[in-house]
Amino acid sequence: MCVYVGATSGIGAEIARVLAKRGARVVIPARNIKAANSLKASILQETPNAEIIVIMMDLSSLSSVRSFAQHFLGLGIPLNILMYYTLFLLTYSSFFAFKK
């Protein structure tokens, strides 16, 4: 079981696709359910036997995170991998702003 936060687009979507293709059961917590379900459909077209679970979660809301956790625990499936992909972009000007 792999829970991948940040999987609805870009590199995150590709990593979720590869995990599913390799046989991992993938849970996609998503604020944008439409995007997550679209990714799920795309993965299932390529890998029909993939197990993809989409669960609503908004990281800016602690109650949403709690709701996700309760839903996930209710599945009764052990968590083997937790991935959180984020990209921190530090530009030249912001570097000097932090340095002050």
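Tutor: Gladly! In this predicted model, the elements run β-α-β-α-β-α-β-α from the N terminus on, with four helices and four strands in the protein. Let us settle on the stretch from E2 to E3. E2 and E3 run parallel and are joined by five bridges, and valine 27 stands opposite isoleucine 53 in E3. The β-α-β crossover from E2 through H2 to E3 is right-handed.

Now look at E3 itself. Four of its five residues are buried, so E3 is largely enclosed by the rest of the structure. Across the protein, buried residues make up 32% of the 100 residues.

What surrounds this part? The largest nonpolar core has 15 residues, and those with the most contacts inside it include Val26, Ile28, Leu39, Ile43 and Ile52. H1 provides the largest share, four residues. Another core, of eight residues, lies apart from it, and Val27 and Ile55 are among its members, along with Val3 and Val5. As background, in a regular strand the side chains alternate between the two faces of the sheet.

Finally, step back to the whole chain. Among contacts between residues at least 6 apart in sequence, 61% join residues at least 24 apart. The protein exposes about 6,700 Å², and carbon and sulfur atoms supply 59% of that area.

Methods: Residues are numbered from 1 along each chain as its sequence is written. This is a predicted model: local features need pLDDT of at least 70, side-chain atom pairs count only at pLDDT 80 or more; totals for chains, interfaces and linings use all residues. Side-chain values use heavy atoms; hydrogens and water are left out. A nonpolar core is a set of buried Ala, Val, Leu, Ile, Met, Phe, Trp, Tyr and Cys residues joined through side-chain atoms within 4.5 Å. Buried means under 20% relative accessible area, exposed over 50%, partly exposed in between (1.4 Å probe, protein chains only). Helices (H or I, at least four residues) and strands (E, at least two) are DSSP runs, numbered from the N terminus. Two strands pair if DSSP finds at least two bridges between them. A crossover is right-handed if, with the strands pointing away from the viewer, the path from the first strand over the helix to the second runs clockwise. Contact means heavy atoms within 4.5 Å. Accessible areas come from the Shrake-Rupley method with a 1.4 Å probe; for residues, only the protein chains shown count as cover.
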